[in-house]
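Biologist: Before I rely on any of the terms used for this chain, I would like to see each one set against its definition.

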Amino acid sequence: MNILILGDVYGRPGRNILKEKLPQLITEHQIDFTIVNGENASGGNGLSTKNAKEMLSLPIDVITMGNHVWQQKELLETIADFPQIIRPLNYPDPCPGKGYDFFTCELKNGGSKTICVINLSGQIFMPNLNCPFNTMAPLIGTLKSSADLVLIDFHAEATSEKIAFGYFMDSWATAVYGTHTHVQTADERILEGGTAYITDIGMTGPIDGVIGVDRQIIIDTMLTKRPSRFVTATGNVQINGIILAIDEIENKVSKITRLYETYKTDK
């Protein structure tokens, strides 16, 4: 069994390259289940209802979110219409949407697996949500006993917080993978307790900007210290993520592989 997880989709370039290349990637890598982080999919800020429908028309099983989840305010009203969208679990109650859910994956060789997908937001250099460690602690046993696989998108800035959370969840989660920084890290590994881990899976979108934004705007902001309206970068694009090979008997990751694909464009 193979699971494809793709990093933060940024704006129209990210959505377009997904539309063009995702079916091919699924076929090439014999993917059974696909998770995509969509919190930057609409202009780099949040996910609109229209873009949510567009992304879910593709072979995507789950969309996870992050600190920009409510940037497109309409999603506050419509997120309940999309059972495939998971927002950070550690938002204070009451909060629209859900922080985890269970999904059934039908296997190509017969049978199925129940996959629990969880989204959490970090606290360091991030909005001040509830502690992700304390939020997860009382749920660990229940979720693990209710699912064959537990996959956690830890949307956080600080590498130290992500690494600590990976160790905190070791042996309990099938995989903990970081999102948010838009820069893929090279530390993929399987921890001592069997949990697959990577600090950040990277970004799907413009490669020639600064984490998705037109580079000159960011350079000018650095030079002048004056704010500017962010504009999505153009030019070449990338698809970043990971592929998890699952031992279907043990329900553990046998191999975690980084995916880093680049594509030239005329724009």
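Biologist: How many positive and negative side chains does the chain have, and how far apart do the centres of the two sets lie?

Modeller: The chain has 23 positive and 30 negative side chains, with the centres of the two sets 6 Å apart. Lys and Arg count as positive and Asp and Glu as negative, while His and the chain ends are not counted; the place of a charge is NZ of Lys, CZ of Arg, CG of Asp or CD of Glu. This is a predicted model, in which local features need pLDDT of at least 70 and side-chain atom pairs 80 or more, whereas totals for chains, interfaces and linings use all residues. Residues are numbered from 1 along each chain as its sequence is written, and side-chain values use heavy atoms, leaving out hydrogens and water.

Biologist: Why is the chain called as compact as a globular protein of that length?

Modeller: The secondary structure comes to 7 helices and 14 strands (DSSP runs, H or I of at least four residues for helices and E of at least two for strands, numbered from the N terminus). The radius of gyration of the chain is 18 Å, close to the 18 Å that the globule rule gives for 267 residues, so the description holds; the radius is taken over C-alpha atoms, and the rule is 2.2 Å times the number of residues to the power 0.38.

Biologist: What makes β13 and β14 a pair?

Modeller: Two strands pair if DSSP finds at least two bridges between them, and 11 bridges join β13 (residues 237-247) to β14 (residues 252-263), which run antiparallel. Leu244 stands opposite Ile256 in β14, and in this hairpin, with 4 residues between the strands, Asn251 takes a positive phi near 55°.

Biologist: What share of the 267 residues counts as buried?

Modeller: Buried, meaning under 20% relative accessible area with a 1.4 Å probe and protein chains only, applies to 55% of them.

Note on methods. Buried means under 20% relative accessible area, exposed over 50%, partly exposed in between (1.4 Å probe, protein chains only).
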